[in-house]
Amino acid sequence: MRAWENNPAVSHSVRLRAAQYVRMSTEHQKYSTENQADIIAGYAERRGFEIVKTYADQGKSGLRIDGREALKRLLADVQAGRADYDVILVYDVSRWGRFQDADESAYYEYLCREAGISVHYCAEQFENDGSLTATIIKGMKRAMAGEYSRELSAKVFTGQCRLIGLGYRQGGPAGFGLRRQLVDEQRRPKALLDRGEHKSLQTDRVILTAGPQDEIDVVQRIYRMFVLQRRSEREIAVRLNAEGIATDLDRPWTRGTVHQVLTNEKYIGNNVYNRVSFKLKKKRVLNAPDAWVRADGAFQGIVDPEFFAAAQRIISDRTRRFTDEELLERLTELLGRKGCLSGLLIDEVEDMPSSSTYRQRFGTLLRAYQLVGYDTGRDYRYLETNRVLRALHPDVVSRTVAEVERLGGAIRVDPVTDLLTVNDEITVSVTVVRCSQTAAGGLRWKLRLDAGLKPDITIAVRMDATNTVARDYYLLPWLDVGPMGRVRMAEANGIFLDAFRFDDLDAFFELTRRTSIRIAA
């Protein structure tokens, strides 16, 4: 670094061009972008810098770079040689990021230095001049920034667990047959919350309460059909759809949505939390039941506990009542009668364990087929992958709908094409992209864009190498990639495509968030 860059007494007749990066999540007001900009402006004036560009991430967590479009744009400009400045000014180390791996923060700063652009932390008490002292202090600051997020996460989790124990609801839609009830600190009812509505007072809380009677009747009927009439979830879904009854998200019923009603303890008044962990934006983890946080009888249920317990026994028995040998014997008998096997065929046979039972017990249907000596004569993994992809698509769509509505947006789903219309402004298509491997072991994806619908944005869910879980997401604007028709992807695709890559859909949900705008008097 040139010595005169860090000299406070430098003549202001020589002014280096500088860019400022500001970020605010939901922390204390001292971290507002305006306060950061004021401190940075004073620093720039003292050092003789001229701020020529601003990169701002509003309301963004510093845990990961995903969703921080301004920082990604800054790094892209630096690496591509488009940066028309010599210095980057940041309020402090934590604004650069609270990465859980301190080396990640150091890496992004290194990319800037490698391009000949220095990074200054304007509110820190050390000079970022590459000295041993600066390196040690900066390393400590990075570790402290990450530790702050870890401690905050633990405190928030503890607070949420306490509220769960008191019977209060923590996020998420109420579900079919239930409603979210706003109550004050004395637990006195105030109002029902509609989709996308949230409490405005810190002292208010949310509980679950019974919904309209017609929805309660449907939920209780689902339990009767399942427990007394021994109808499967799929049969119940078909019946409800035939009668024109929609789910709480105004979508047709599926086996999965019926199963969710039959297995969620909220329908008997229990408050259960921490079944799935997603802390510090890491991968989701399914927790064992002994790690769940629960409050039984937290509110008035709408299903008889005995009916609920009976439903759980039926669901459990479907998997546990058969030994491995019995499962394979039944599969062998079915093969002898039909001459072939498939997941659909298994599920259509009465008194036959479901195809999901075989998958859970043996890992995959292919493995079960191999154990009974059935050879399809083709690569059956391709068919198994198709099943997984077909099952994942409606799940992604329903989760997207629920999150957009939770954030205050409005969304419609075309029942024929599954095209999403968000806030009457943009159209969105969701596609799940299969992963294939080359002979050398490389991963490849082939995406076909829908030229008929021409959605404004295509959400491409890229599957991992096993084609069982999502690897990442691409938010592809039609104006940029639509004319290509087909997109072939590798693990790395260059800035043109990878600029649209995200580890989750937070960026899309942020795009759809509704914000109130004050009208000047």
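The model is predicted, so local features need pLDDT of at least 70 and side-chain atom pairs count only at pLDDT 80 or more, while totals for chains, interfaces and linings use all residues. Residues are numbered from 1 along each chain as its sequence is written, and side-chain values use heavy atoms, with hydrogens and water left out.

**Surface patches**

- Patches here are built from residues with over 30% relative accessible area and no salt bridge, joining like charges within 9 Å and nonpolar side chains (Val, Leu, Ile, Met, Phe, Trp, Tyr) within 5 Å.
- A salt bridge means a side-chain nitrogen of Lys or Arg within 4 Å of a carboxyl oxygen of Asp or Glu.
- You will find E325 in helix α10 (residues 324–338), where helices are DSSP runs of H or I with at least four residues, strands are E runs of at least two, and both are numbered from the N terminus.
- E325 is exposed, at a relative accessible area of 53%; exposed means over 50%, buried under 20%, and partly exposed in between (1.4 Å probe, protein chains only).
- A nonpolar surface patch brings together L132, I136, M140 and M144, which share about 450 Å² of accessible area, a value from the Shrake-Rupley method with a 1.4 Å probe, in which only the protein chains shown count as cover for residues.

**Helix α5**

- L132 belongs to helix α5 (residues 132–165) and is exposed, with 65% relative accessible area.
- A143 also sits in helix α5, and its 40% relative accessibility makes A143 partly exposed.
- Although A143 and F99 are 44 residues apart along the chain, their C-alpha atoms are separated by 8.4 Å.

**Helix α8**

- In helix α8 (residues 255–263), the buried residues are V258, V261 and L262.
- They lie on the same side of α8, because they cover an arc of only 100° around the axis, taken from the directions from the helix axis to the C-beta atoms.

**Positive phi in loops**

- R230 is not a glycine, yet has a positive phi of about 55°.
- The loop between α6 (213–227) and α7 (233–242) holds R230, which is exposed at 59% relative accessibility.
- K454, another residue other than glycine, has a positive phi near 50° and lies in the loop between β16 (443–448) and β17 (457–463).
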